[in-house]
Structure formats: C-alpha cells, structure tokens
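Colleague: I'm new to reading protein models. Could you walk me through a few features?

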Amino acid sequence: MPLARSLSVTSLSGLEEWDEEFDLEDAVLFEIAWEVANKVGGIYTVLQTKARLTAEEWGENYFLVGPYVESNVRTQVELIEPTNPALKRTIDKMNSSGCKVYFGRWLIEGSPYVILIDVAFTAWSLDSWKSELWDLCDIGVPWFDREANDAVLFGFLTAWLLGEVTQSEQPSHIVAHFHEWLAGLGLVLCRHRQLSIATIFTTHATLLGRYLCAGNVDFYNKLAEFNVDKEAGDRQIYHRYCLERAAAHCAHVFTTVSQITAIEAEFLLKRKPDIVTPNGLNVKKFSAVHEFQNLHAQSKNRIQEFVRGHFYGHLDFNLDKCLFLFIAGRYEFSNKGADIFLEALARLNYLLRVNHSDVTVIAFFIMPARTNNFNVETLKGQAVRKQLWDTAQTVKERFGKKLYESLLVGQLPDVSKIMDKEDFTLMKRAIFATQRQCQPPVCTHNMLEDSNDPILTSVRRIGLFNSSADRVKIIFHPEFLSSTSPLLPMDYEEFVRGCHLGVFPSYYEPWGYTPAECTVMGIPSISTNLSGFGCFMEEHIADPSAYGIYILDRRYRGVDESCNQLTSFLFQFCKQSRRQRIIQRNRTERLSDLLDWKYLGRVRYQKKDSFCPSPTPTHVLCCHYSLLFNFIHAFIKVKSLHFNPLVLMPFASVPPSPSLSRHSSPHHSEAEDNDEEERYDEDLEAEKDRVNIRQPYTLPFKNKSSAVHGANGNSDGNGEKD
C-alpha cells in the first residue's frame, strides 16, 4: 500500500525563500531514546550502528539523550565536562534544581556525545508530573506500571532539558528526534510548551500491534476493524498506547521503519507515517572482504565441537554433511515464528527420512527464557568431549615419540609394537565413557517452567527428541550467546558466521535485524513478507532466493500453506551441494551494501512527483541532499514557529534502491571446495546483479529551492524543466 500524500509548500505559512546551502554549524540534533547506552532491544542496535556516520555529519552538534544506568555507564560511557557552553549552563542549572544530569562520550564507534538523565533521582516529582500529565492530556498512568512511570519522568526531564537549551543566549536551529513511546512524552511536552524545536517521532513497532499479534488474532486482515481503545484497555496498556499515539500526532514528522509497519501505524495510531525509514547496519564492522568464507569455516568448526559434545554417544551422523540452522531473538513464540519453524522441522524430518537423505539438520533456538542453570547432562557432554580430546592427544604424543625413535635407528615402525596395551586400555576407557543411556537433551539449561514452555511443549507434540532415527535435531539454548560461556563460548556474530541458514518466519517483525545481520555476513536467511526486511528485499531484488534471501508468504496464505512453503525452502536448501552453498553465500554477501547506513543515508529520485528520503531516522536529517532536511530547515526558519504549531505536510515515500553490489567477492573457501560441478564466474555474477538489483539514483540538488521545484514536478533529476 503506497504511503503517498500531496506535498504542499504552502502548508509552511510564512516560509521564506532561500538559496544558500544549509549550514550544519547552525543546527543542533538531539536524539532521544530509552536505549541510549542502555541495551534493551533492537533500538540499541539502531543507535549504536549509525552513531559514527551521524557524528561525522553533525560533529559537535549531535547529542544522544538517554537514561542514566550506573552499571552501563561504568563500562560504556566516559564522563566528561560539556564542551558546549550553552549546554554546560543548562546541565548545571538542572543539577542545581534537584536533578542529576551527566555528560560524556559513548564508547562506541564514532564516540558520540551523550546526555544521561537519572530518572530515579527525581522520582519525588513523579506524582506532581503525573497530575500535570492528566491535566494537559487526560492520560492517567497507574502507580504499578514502573516502565510507564519511568517514561513520565524521562519525558518531563527531557522536555525540561530541551526547554533550557532553547532559552540559551544564542539559540541554534534545534531538531529533536524521539524513538518509541518511552521517549514520546518529551515530544508531546515540547509541542505543548511551544518550544522552537522541529520534532521527529519514530516508532519501530507499535505497542498495540505487538500485543495483538501475541494474542493469536488475524492481525493483518482485520487491521481496519479493531476498536483500538478497547483492545488497548483490555490488555491494560491504554495509558502506554495514549502516550505513543499522542507522540505520533504531535510530531512534525512521523516515521516508521518499514512499509508493513506503516500500514499498521495508519490503522492503530491513526496517522500515516510521513516517511518510511528502513534500518541499516554498520557493514564495515562485519566486513571480511575475501575472508568471510574462511571465517564461516572457522566458526563452523567451533560449532561442530559443541555438537560433538552435545551428541556424545549418539554421534552416528556425518558432521561434514550436517547443516546448522538457527532462529534467534526475543522469546515471542508466535510473533517470531518459532511455532511455524518447529512444525516445518517436523515435516522436513519426514521428507529427509523417506528420501533416505544423508544430510542431518541441527536447528538452534537462541531465545532467552527463565532458567536456573545449565543442564548437567549438557555440561557433562562437553566434559566428555574434552576428555576424549585429551586422551587422543596423550596417545598421539606416545605414538609420535616411538615412531620418531624407530625412524632414528633407520627401521620401519612395527605398528603392533608402537601401540602397546596401555594405549589400548586408555582408549577403551575413553570409549566406554561416551556410552549414554538417555537421548541427547533438547534444552541446554534447566527451565524454570519446563512444562509450560512453548518451545518444549511443541517439541513434545511433534516428537523431535534427538533420536538416532531423526534426521532433524533440535538444540534450545535459552540464553544469549557469549564468548565467556562454559558451554558454547561464542559471540553471536561468530555463531551466525558458522551457521548455514538463519530462519526467521516472523508473523510480527517491523524490521528484522537478525536476517539483516545474516546478509552482511554472507549467510542465507528466510524471512517473511510481514517483516520490514523481507518487504525491503522483495522490492529491490528481482529473485531474492537466488541471493540467499528466501521470502515466506505469511500475509496471503494460511498457516498450513505457509508451513508447507517453509518446509519446501528448507528441503530445497538441504538438497544443495556444498559448492552451491558457497556460491550462494557469495551472492548473499554482495547484498551488504544495500543495508549499509552509508547507503541508506542517501536520497534517491524515484520518479516524477515522488521522492524517497534518507531511509534512516537520523540520517533523514544528517544528509545535505535530504528532502526532509530541507523541509526541517524550512520549518525551523519560520518566524512564527514559536506561536504557530505548524504540522509539516508529508510527501510520497518509497523505500530505497540498492547500491552497486560488490564485484570482488571471493570464489570459495578452500576448506569447503570439494565439488566442482558448478563454477563461479565473477563477470557472470556481476551481470546478474545488474539485471536483478535496482540501481540507485542520487538527487543532485543541495538547496531548498531545487528541492521544492523537484517536489512539485517542475524539474527532473538534472534540475532541468520538464
């Protein structure tokens, strides 16, 4: 569904014409989010990965605003004195008035400035601020909702901070970008207090949408039918919903991260997003150029070591013909598609068995749940594996020493004499230690609610218990991965590189960072047409599956049909040769530039009367060529802004086209190059890219006048009249 609206420059009454290029030194950008230096969910990744590019564009005029969490600050933030005199006066004034505001640098790439507000220190003001919120907006926040209480404190303190900044002696043009409902109240208060600030609100997922999808409703087919007030009230989130909806309506510019979420926001928040701004990644962080295939082989070997221990005593399958699949993310069983994935695995198991396939599939579920410790049997497996390795090394050293001595005296070794009874006894004891009376465990931890856990309940229903007869094995790791883990000592990035396929059949996924991370690391993935990532790829690649991006249809098919389609994807993937998987990984990795913040920070000319702004919320502002930046410029130059709460009229929005794909991907990994039935031709692959991937078209203008002419269809992409 297109999100087109008419663009009217006259909506900015009092707008003066100007021709000069916008000067970033005269503008200040504040980006406000609860996840600044505070990892909670995906917004943390958004802020962290694009901080470097935004800081490069805005320099000393870019500030992130978030909550002060002492444990995070100790390891992530370097506290310093504010370098901006006006900001220093503001922070000093707030601190002298009973607040605690800290200033520093976030120790991530780009080292952006951060302003951290201690909401707990001003909790004494909560009742009065909640009363003021009721008087202003008729929004009541219950005492027991701690998260909402924090949002109230954070909102009032943010508005206080921005209000003090606007009162400085030399006020700059100020742009404030708010993420999600937790920061949204600050935006509402800024508008109510008529602060001279241009505001942007980005919703990464609607609150009500997440709750409705978790309730197993026919969400997308009944979007227009929901009584949103009743639904929010029934789920006891009405106050949160009101804060989110108020922020969306008060913002001068309202954005979201995907077309599918834009449709959702239109019906649930009752406002069409002005701009769709897909999320990106810092591809440079993941870039391995000619090494990513070798990195895959190295990480795969580490996963194989874990598998050897986990399945000790039942290791009757060939690890060289074993495929590693995984699903990861927040433990939302239905929303993330874990339910349909498990059902598809059961059907895949049947297909592999009846077709007498020699391929074994191991599916990892990396979803944090409530546990009390590691499973004893799982830890024992890794101990047994290590003991076997130590035994093999001991025998190897003895054998090598005797062989060396035999060769020194010029005699060929007698194998029967080199291996004595002690060596055989040692090896037999090691073999007996691998005997196991039970099946390898499905879950690596002791679950606190084992009988009610959705994944384990489904495993019991479909009967995949890691038996020898099963060609599909399941490992549920209910904890995020860490290199310090005694069980699977790998960071998430290393683990993803070692897998063969990421499976994310989500029913509710506004964007989808997990498949995006797979793509930039050259790992194929399965997504859906109900995820922002899936829709983005479907629009810009002629044949996504050829590039390792499988798009599952969950919007126009029933659950059983979607499950069959997913099973087909998995079965076809299992039938690929090793050589075919190598070629596919090369193709997948070449899509990395599509998801780079550097690319997503551009503006393209799509067609007459249709412009696509920079598809990242902050880079919407930080690009000199951005239409939104020009219109924000127009907005903050309106002399009557302080007294006239103008609403910026939105314009047509289309997701971006990809940049030129990389041409110099490596041919293969030497560790995996056994099949020569299909050759890799770089020139042929590059030609396929030119045909299958849409190319970008960058807007040539930098000033407002040319932007306005283009927006009204009076000029083409070269600035010439039609």
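Colleague: Why does Val-409 count as exposed?

Modeller: Exposed means over 50% relative accessible area, buried under 20%, and partly exposed in between (1.4 Å probe, protein chains only). Val-409 counts as exposed because its relative accessibility is 57%. This is a predicted model: local features need pLDDT of at least 70, side-chain atom pairs count only at pLDDT 80 or more, and totals for chains, interfaces and linings use all residues. Residues are numbered from 1 along each chain as its sequence is written, and side-chain values use heavy atoms, leaving out hydrogens and water.

Colleague: Where is Val-409 found?

Modeller: Helices (H or I, at least four residues) and strands (E, at least two) are DSSP runs, numbered from the N terminus. Val-409 sits in the loop between helix H14 (376–408) and helix H15 (415–418).

Colleague: Which way do the side chains of strand S17 point?

Modeller: In a regular strand, side chains alternate between the two faces of the sheet. In S17 (residues 549–552), Ile-549 and Ile-551 point one way, Tyr-550 and Leu-552 the other way, and all are buried.

Colleague: In what sense do strand S16 and S17 pair?

Modeller: Two strands pair if DSSP finds at least two bridges between them. S16 (residues 525–528) and S17 pair in the parallel sense, over 4 bridges. Look for Thr-528, opposite Leu-552 in S17.
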